[in-house]
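Hello,

Here is the structure for your work. My notes on a pocket, the aromatic pairs and the salt bridges follow below it.

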Amino acid sequence: ESGLSMARIFSDGMVLQRNEPIHIYGFANSGETVTVTLAGNTATATAVDGEWEVNLPALPATKGLTLEVACGDDTLTFNSVDVGEVLVVSGQSNAQYMMYQLEDWDEISKVVDTVKNVRVYAETSTWNMHPSDYGYGTWIAGNSANLLLKGPVNGNVSAVGYVAAMKIATELGPDVTVALI
């Protein structure tokens, strides 16, 4: 029986960093061979102590890819994978001020919905008392409907982080997806 699995950040709608080697990793039974394929590039690894990792070549900004991870008879397929810019926001208390808390939300939401190339990985493990190698988040579109939601998995998106992502997305144009983690 295969033990193939991956952290939740590897899921449909994920965004990988452009112009840098692409690091993919996960879990499998020790000794099993894992094959990873993205945009015509393939890499293999053997799981050691239940973990594996591969590096794929850097890619330019690209949209709509499929990432396949295979091990024995098991295959994980991730769709709507984009390669673009990835921003990570963490650490400062001001990063915890959420989009839905903004006083000017009505005006800001109109601008938010004009920028179509932002995705957000809404990580929800901040106060979780049960650590997990898999994480607790999910990828969501960076639109006003999602940013207004409160609570785990939906929303809880940093206002500082999102405004930065939106500015970069506007500057880079619609062909480059910008991700906020």
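**Pocket, aromatic pairs and salt bridges**

The lining of the second largest pocket consists, by class, of eleven nonpolar, two polar and one charged residues. Nonpolar covers Ala, Val, Leu, Ile, Met, Phe, Trp, Tyr, Cys and Pro, charged covers Asp, Glu, Lys and Arg, and polar the others, Gly among them. This is a predicted model, in which local features need pLDDT of at least 70 and side-chain atom pairs count only at pLDDT 80 or more, while totals for chains, interfaces and linings use all residues. Residues are numbered from 1 along each chain as its sequence is written, and side-chain values use heavy atoms, with hydrogens and water left out.

The volume of this second largest pocket is about 220 Å³. A pocket here is an open set of points on a 1 Å grid over the protein atoms alone, where a 1.4 Å probe fits, with protein on both sides within 12 Å along at least five of seven lines; lining residues have an atom within 4 Å of a point. Volume is the space filled by probe spheres set on the points, which are joined across faces, edges and corners. Of the 14 lining residues, Phe 10, Val 15, Leu 16, Gln 17 and His 23 lie nearest the centre. The elements giving two or more residues to this lining are β1 (15–17) and β2 (22–27); strands are DSSP runs of E, at least two residues, and helices runs of H or I, at least four, numbered from the N terminus.

There are two aromatic pairs (ring centres of Phe, Tyr or the six-membered ring of Trp within 6.5 Å; planes under 30 degrees apart are stacked, over 60 edge-to-face, the rest tilted). One of them is Phe 10 with Tyr 25, edge-to-face because the planes are at 85°, with centres 4.9 Å apart. Phe 10 is buried at 7% relative accessible area, and Tyr 25 is partly exposed at 34% (buried is under 20%, exposed over 50%, partly exposed in between, with a 1.4 Å probe and protein chains only).

Three salt bridges were found (a side-chain nitrogen of Lys or Arg within 4 Å of a carboxyl oxygen of Asp or Glu):

- Arg 18 with Glu 85, closest N and O atoms 2.6 Å apart. Arg 18 is in the loop between β1 and β2, and Glu 85 is in strand β7, 67 residues apart.
- Asp 82 with Arg 119, at 3.1 Å between the closest N and O atoms. Both residues are buried.
- Glu 171 with Lys 167, at 2.3 Å, N to O. They are four residues apart in helix α3, about one helical turn.

Regards
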